[in-house]
Amino acid sequence: MHSAQCGGEYESVKALKGFGGRGVLEVVEDFEGNTYRAVYTVRFAEAVDVLRAFQKKSKIEIELIKMRLRVAEDDHRQRFARGEGK
């Protein structure tokens, strides 16, 4: 995540399809025959928000990621509207 905080990306990072660009990214790693994913957003200049980390098993994960992104966006708006993020 430090690389993401500094504006960089690792080779295994790619844009998550369906989110309109490079604002929502995923890291995919294989370990002992299983595939794991971590999804995060860099849409906010002040923070990197991890939306979901999971073992790839189900397609319903995308809906959960969309819901968590909405929560992160709402939280970000509220914090910076009150001046807490400065």
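Analyst: Happy to: a residue counts as buried under 20% relative accessible area, as exposed over 50%, and as partly exposed in between (1.4 Å probe, protein chains only). This is a predicted model, so local features need pLDDT of at least 70 and side-chain atom pairs count only at pLDDT 80 or more, while totals for chains, interfaces and linings use all residues. Residues are numbered from 1 along each chain as its sequence is written, and side-chain values use heavy atoms, with hydrogens and water left out. For the 86 residues of the protein chain, the buried share comes to 24%.

User: In what order do the elements of the protein chain run from the N terminus on?

Analyst: Helices (H or I, at least four residues) and strands (E, at least two) are DSSP runs, numbered from the N terminus. The protein chain has two helices and four strands. Starting at the N terminus, the order is α-β-β-β-β-α.

User: Over how many bridges do strand 3 and strand 4 pair?

Analyst: Two strands count as paired if DSSP finds at least two bridges between them. Strand 3 is joined to strand 4 by a hairpin through two residues, and phenylalanine 44 stands opposite alanine 47 in strand 4. The two strands pair in the antiparallel sense, and the number of bridges is seven.

User: Leaving aside neighbours within four places in sequence, which residues is leucine 69 in contact with?

Analyst: Contact here means heavy atoms within 4.5 Å. With those sequence neighbours left out, the partners of leucine 69 are Phe19, Val24, Thr41, Arg43 and Leu51.

User: Is arginine 37 buried or exposed?

Analyst: Arginine 37 is found in strand 3 (residues 34-44). Its side chain is joined to that of glutamate 26 by a polar contact of 2.7 Å. Such a contact is a pair of N or O atoms within 3.5 Å; within protein, one must be able to donate a hydrogen and the other to accept it, and residues adjacent in sequence count only if both atoms are side-chain atoms. Because its relative accessibility is 19%, arginine 37 counts as buried.

User: How many residues apart in sequence are the parts that glutamate 73 and arginine 43 tie together?

Analyst: A salt bridge is a side-chain nitrogen of Lys or Arg within 4 Å of a carboxyl oxygen of Asp or Glu, and the whole structure has six. In one of them, the side chains of glutamate 73 and arginine 43 meet at 2.6 Å, N to O. Glutamate 73 lies in helix 2 and arginine 43 in strand 3, so the distance in sequence between the parts they tie together is 30 residues.
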